Amino acid sequence: MILEELNPAQQEAVSHEGGPLLVLAPAGSGKTRVVIARLLYLLDRYGWSEDRLLVVTFTRKAARELLHRISRLRPSSRPSWVGTFHSVAARMLRQQAERLDLPREFTIVDGPDQLQMIRDLLGRQGVSDKEVDPKKLAGRIGKWKSAGVDPVEAIRTTFGPFRVQAELYAAYQDNLALQKALDFDDLLLTLVRCLEQDPEVRETYQRQFEHILVDEYQDTNPLQERLLRLLSRDRQNVTVVGDDDQSIYRFRGAEVGHILSFPKEYPGARQVVLTVNYRSTRPIVTAASSMISSALARYRKDMVSTGRPGEPVFLKKLDSEWAEARFVARTIQEKVERGAMFRDQVVLFRMNVQAQPFIRAFAEAGIPFQTRGAVQGFFNRREIRDLLAYLRVSANPFDRISLGRILNVPPRGMGEKARERLDQQAGNPGLSSWELLERLSLELSGKARESARAFANDLEEASRMVRRGDGPFSLLQFWLSRTGYEQWVSEGESGEEGPGREENLKELLRMSERFGDGIGELTDRTPTGVFLEELALSQEDPGEAGESPDRVSLLTIHQAKGLEFPHVYLAGAEEDILPMKSRDKVDVEEERRLFYVAMTRARDSLAITWCLTRQLFGRTESPRPSRFLRDIPPEAVQGDRPVFRPETPVSRQTSELPPRKVFPPPSLAPSRPATSLRSVPEKRTSPPTEVLRPEWIGKTVVHPRFGRGRVEEAHGEGGDLELSIRFESSGVRRLLERFANLQVD
Ligand code: ATP
Ligand code: MG
């Protein structure tokens, strides 16, 4: 049953018995589908219980989707180890907390808090922001960590100006340890160390996991790879799927060549090649595969279309970024008028700043949309960070950053002096927040003393509440009532616009309330801790766009990885945007892969736009069309032709660039020749209209917006099948079946 909806090569991967397996395959060829099917297959085949399988996805959204699909196929099944590397690591660390001398609810320090810590640290050491840029230091520390370099080694191996950074790294780590907190990179690093140094822990997990499956393997970094090796039994029980052409996280330490060395690292690995792109129409597949085949170094893979027809890729030149946004807005509306949903459509761009004109144009046109920035913006709001800090100190009594943040927020008479005293005390290891405040109170007098005591009592009580299992909603209510925070905000005392802030507070309360449901089964964690972890990890997650009602998504290409949308608009196909202004040729190659990822998100239609002028970072530019447009063959496109001025770099100029490197065919030949897949039956995708048409007429259908209606006429064929439907509510409408999202009643 599981194997039924798969082609032979996919079946081969899914039912592979024993030993490591690599599925190296192009976009849309069903790699993720294989991961899901293989999980179910293994459960069935061997009768393993769900917690014996570990599945690593690239985003938490992907993890949720996977769980959703599994629960649909098998309602009783609840795989418990499905998540990102970070969430899996966090879970294991909490299980091993005692051994690691961490409280179970250790804090996960997110980006803004990390910067705050670094700033405090620089302040204490008398280093100015100009000497050491906090953001750059955070980045540097991240690189050290992903490479598995600890502070001692960093200090030993760096000289000159970097030495200061290494020393600050050491101080930063000490500070984290004091607070019983880990940053994102620590999650992996600490776990890897623990597994390396503690055979007992290592064996526990190796015994537990019968099989490990990894999606989007091309973007794992060396540390994640190390983790994988430690968790697997002799590197045997591992399945990885990926596409070197979609490796786009080099800036986070992922390496494009990584996936290609899998057969070397996992001796005896079986390799399966998939070639059919089931996602996209023929023109999109042609355009994308020809674009990527111009890459300088890649493992050559065929990407074959199912033959599903569709409109050519639409190229459009616009005068400015405003015109670009308005053009996309218009097109989106046209599609909606013809029956598409807003949520079927996505605008992709290279840089977040590109979202601005779209946000304005969509607002003007009344197009509902969502951005990832909005989600992030919410968690960066001051009131949200304040309240989450209250929750964090409640869950982790050693969390000093959070305590520092809320010491006098809202004001409780503990000003600068109290703050300085707290900083002096804060270095004492092992003191809980309330113990710190008790000590502090002895050094204060009058009102400050009283309020330090009261705060200490509240903190101790909140900590008890967390431990006895009270959820985040109760905790938030506790703190709101004890601090008068809501009132402080609504009265505008905090000096920022009141109403929006109150709304934000309410939204956080709603979130925490919703979260309270269904958490009862987690016996080894506190609900408040789980809530905080969810929020912390969601901020590190590129795919966390929030579940969409009917809205157009505005996403960076990085955020769109692994996803698919019926209609894609790729904006800003310009030199210095895509490819981004680059430092070297390797970067340009990564940009090409980004372009490829963007194109291959589209199922039915793809439009690519570029502008003749653009305001960027306060300057007016006259960008040139992206060099990648040259590599899209004319037969797959319609619309404007990009005009390349002589100085536009040519991606294949051999005089300038290193010779192209195409990796040899797979060392382990797929057992079925890839060409045999070219004859995929077309019925999978667009059924011939001749057969379908009479079936449509007289059918009762339900449209998501117009409701119930009866099909009166059907014209055209394939992707152009147009239906005349008499809707009960709104009369006759002609809709393209392809866009209309109809359900047959
Ligand atoms: P990406 O590289 O973008 O992550 P992928 O290789 O993981 O893509 P999937 O997302 O698994 O591809 O599949 C792409 C689309 O093709 C999905 O809608 C999936 O349901 C569909 N699909 C995959 N295999 C088949 C098949 N054998 N028959 C019909 N549809 C399929
Ligand atoms: Mg996928």
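**Ligand 1**

I began with the shell around ligand 1 and asked which helix gives the most to it. Helix α2 (residues 31-46) does, with three residues; helices here are DSSP runs of H or I of at least four residues, strands are runs of E of at least two, and both are numbered from the N terminus. The model is a predicted one, in which local features need pLDDT of at least 70 and side-chain atom pairs count only at pLDDT 80 or more, while totals for chains, interfaces and linings use all residues. I number residues from 1 along each chain as its sequence is written, with chains lettered from A and ligands numbered from 1 in the order in which they are written.

I then listed the residues near the ligand, a residue being near if its C-beta atom, placed from the backbone, lies within 6 Å of the molecule. There are 20 residues around ligand 1, and G30, K31, T32, R33 and Y278 come nearest. Sorted by class, the shell holds four nonpolar, nine polar and seven charged residues, where Ala, Val, Leu, Ile, Met, Phe, Trp, Tyr, Cys and Pro count as nonpolar, Asp, Glu, Lys and Arg as charged, and the others, Gly among them, as polar. Domain 1 (8-99 + 188-274) and domain 3 (292-312 + 343-372 + 546-639) each supply at least three residues of this shell, with domain bounds coming from an automatic or database domain assignment.

Over residues 4-281, I find 50% helix and 11% strand, and the end C-alpha atoms lie 23 Å apart.

**Parallel sheet**

I traced an open sheet of six strands, with parallel pairing, in the order β3-β2-β6-β7-β1-β8; two strands pair if DSSP finds at least two bridges between them. Its edge strands, each pairing on one side only, are β3 (82-83) and β8 (270-273). Strand β2 (residues 53-56) is joined to strand β6 (residues 211-214) by four bridges, the two running parallel, and L54 stands opposite I212 in β6. Helix α2 packs on this sheet, touching β1 (21-24), β2, β6 and β7 (238-242), and its direction makes about 170° with that of β2. For contact I required C-beta atoms, placed from the backbone, within 7 Å; the axes are lines fitted to C-alpha atoms, for helices over the stretch in contact, and angles run from 0 to 180 degrees between N-to-C directions.

**Antiparallel sheet**

I also followed a five-stranded open sheet in the order β25-β24-β23-β22-β26, where the pairing is antiparallel. β25 (731-736) and β26 (743-744) are the edge strands, each pairing on one side only. Four bridges join β22 (residues 700-703) to β23 (residues 707-715), and V702 has R708 in β23 as its bridge partner.

**Domains 2 and 4**

The domain assignment includes domain 2 (107-179) and domain 4 (377-540), and I noted that their centres, taken over C-alpha atoms, are separated by 26 Å. I found 10 residues of domain 2 in contact with 13 residues of domain 4. On the domain 2 side, β4 (107-109) and α5 (111-125) each supply at least two residues, with α5 giving the largest share, five residues. That side has four nonpolar, four polar and two charged residues.

**Backbone checks**

Most residues other than glycine have a negative phi, and most peptide bonds are trans. I therefore recorded the exceptions that follow. V409 and P410 are joined by a cis peptide bond with omega about -5°, and P410 lies in the loop between α18 (400-406) and α19 (416-426). Another cis peptide bond joins L578 and P579, with omega about 10°; P579 is in the loop between β16 (565-570) and α27 (585-599). K180, not a glycine, has a positive phi of about 50° and sits in the loop between α8 (161-178) and β5 (181-183).

Methods. Contact = placed C-beta atoms within 7 Å.
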